[in-house]
Amino acid sequence: MDLIQKLTISALLALTIVTAGMLIQNHIAVLNSPEATTDPQIDLQKIYEDKISKNTILYASVVDLLKQKQFSQADSKLQEIEASNPDNPQSLIYRAKLQYGLGESATAIHSYRLAIDSSPDYIDKKTPLFMGDEIMDVISETRSKLLREKKLKPGDTSIDIALEDIYYLQRRIAGGCE
Amino acid sequence: MGNFKTPDIAIIAGASLGLGAVLLSFLGNPVNSGICISCFMENLAGALQLQDDLRMSYLRPELVGFLLGSFFMAKKSRRFLVTGGSSPLIRFFLGFFIIVGCAVFIGCPIKLIQRLACGDLTAVAALFGLLFGVWLGAKYIRAGVVLDREKSMPTINGYIFPTIGVLLLLFIFLRPSFINQGQTGPAAQHAPVLISLAISLVVGALAQRSGLCITGGLRNFFLFRETTLLYGVLTFFISALLLSLLTGQFNLGINGQPASHMGHGWTFLAMTLVGLASVLIDGCPFRQLIKAGQGDVDAGITCFGMLTGAAIVITWLLRSTSAGPSFNGKIAVLTGLIFCFIVILTYRKVAKR
């Protein structure tokens, strides 16, 4: 082993020891930091809890009116909320429920599609917002209705569009890596 | 292992891949996506902050397992041969475009087989596309198209990729702050880490020993009517089918299939691109990862191309959704095919001289 080799190996060892030492020191510091003691899963649960409680208060009157089947009043109230909270996808969920209550199944399905595109949490089993089963019930009922209608009106393209929304929702709810 | 002949090992590797893929889905990986190199690369790109979709950010232990399983098996069986230097940039971009094709279909050739085995009939168009792409690639090979020969390289080059594997393994367990991990969406869907790691180590080792490759099996059949690897692919399908039936994951049909779309024409073209590019670089995405573990530097460069592609398909919105392929994705597939044909033309001229 010549001098150059000896010097290079010494430098390599020194650099390795220093790097490892710095990494260990940093890792210990990170482990002891307040951020490390908080579980991201718990943080996320808290965000969802806040979101749900805010929405419960915000949409309380809409929920009551929908339960009482006072659809016209529910619609007015929902429009008010939509105007003041345009980015809240929960409005689309209640819009879908309202449309379904009025018998407008195809439009309800489209509103569910918009809601899911806006927030995939509604079909994510790992979040408390999950309502895939509820949407699937609406889908099953609407699909058989639309397939019956398609036989009666084979040239009606609006039925095809509604069916496309249904199949899209089915694929999304089925899961996979999307 | 020494008592087994290559066809036996290919069949065992195929079975382990099929059982492993369906089992990983059953244990928590996304539905019909127990093993998917392109999806996992997208997840890895997110974990490394190369793309910013947190729902697609998770350092999948399976990728590390395949790489290290292959490395250990190659070392043990003295098949760790360090080679490289064969058209590295061409391979990088072919790796990139393979992931583009996979993203437009939503899945690599392994996931294609798993989707079929789980009853997803939308994957039939992808199967025809892959078969056509590989057949076309085989025809071009017969016509004299081949990338230049790899050369033996200094041993350290072969250790770089396995070292990256070890580093990623440390990241999985130490969870440094720069590694992103999504808590919702596909990122939150995963089997227990140790089980994923164990299954992928075994599959990686067996795949290295057997040379199992989806496109390689098809290519060998089209070129020489050689069926060793094809039996492995068929065993993969059959074992995945049986386990999906047993575990209740089988759902025959076109509608309501997870992470699928109805753009069958684009699916066909996207998988044609994957098949053709894979033949040109001698292996599907899974095989590239296995080869990178056994000292193939060219395959390592292809893997970097695949990782870059995985980040780009998300940031440039090339990836298809349940609504169908995006405009950007369609253009990217066509660009990929153009790139493949330019490579074919260029390398055929070289071979003629």
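This is a predicted model: local features need pLDDT of at least 70, side-chain atom pairs count only at pLDDT 80 or more; totals for chains, interfaces and linings use all residues.
Let me begin with chain A. The domain assignment divides chain A into domain 1, covering residues 1–37, and domain 2, covering residues 39–174, and when we take the C-alpha centres of these two domains of chain A, they are found 54 Å apart.

Now to the interface. On the side of chain A there are 21 residues in contact with chain B, and on the side of chain B there are 27 residues in contact with chain A. Put together, the two chains bury about 2000 Å² between them, and 55% of that area is on carbon and sulfur atoms. Within chain A, the residues that lose the most area to chain B are A:Arg171, A:Cys177 and A:Glu178, which together account for 39% of what that side buries.

What kinds of polar pairing do we find across this interface? There are 7 residue pairs in polar contact between chain A and chain B, counting those where both residues have pLDDT 80 or more, whereas the count of salt bridges between the two chains is 0. As for which elements of chain A are involved, helix 3 (40–58) and helix 9 (157–174) are the ones that give two or more residues to the side that touches chain B, and helix 9 of chain A provides the largest share, with 6 residues. By residue type, that side of chain A consists of 8 nonpolar, 6 polar and 7 charged residues.

Let me turn to chain B itself, which has 14 helices and 2 strands. Its radius of gyration is 18 Å, close to the 20 Å that the globule rule gives for 353 residues, so chain B is as compact as a globular protein of that length. Along the principal axes, the C-alpha atoms of chain B fill a box of roughly 55 × 45 × 40 Å.

Finally, the salt bridges. Side chains of opposite charge can pair when their charged atoms come close. Over all chains, a search of the whole structure finds 16 salt bridges, and one example is the pair A:Glu82 and A:Arg95, whose side chains meet at 3.0 Å, N to O.

Note on methods: Residues are numbered from 1 along each chain as its sequence is written. Chains are lettered from A and ligands numbered from 1 in the order in which they are written. Side-chain values use heavy atoms; hydrogens and water are left out. Domain bounds come from an automatic or database domain assignment. Contact means heavy atoms within 4.5 Å. Buried area is the accessible area (1.4 Å probe) that two parts lose on being put together, summed over both. A salt bridge is a side-chain nitrogen of Lys or Arg within 4 Å of a carboxyl oxygen of Asp or Glu. A polar contact is a pair of N or O atoms within 3.5 Å; within protein, one must be able to donate a hydrogen and the other to accept it, and residues adjacent in sequence count only if both atoms are side-chain atoms. Helices (H or I, at least four residues) and strands (E, at least two) are DSSP runs, numbered from the N terminus. Ala, Val, Leu, Ile, Met, Phe, Trp, Tyr, Cys and Pro count as nonpolar, Asp, Glu, Lys and Arg as charged, and the others, Gly among them, as polar. The radius of gyration is taken over C-alpha atoms; the globule rule is 2.2 Å times the number of residues to the power 0.38.
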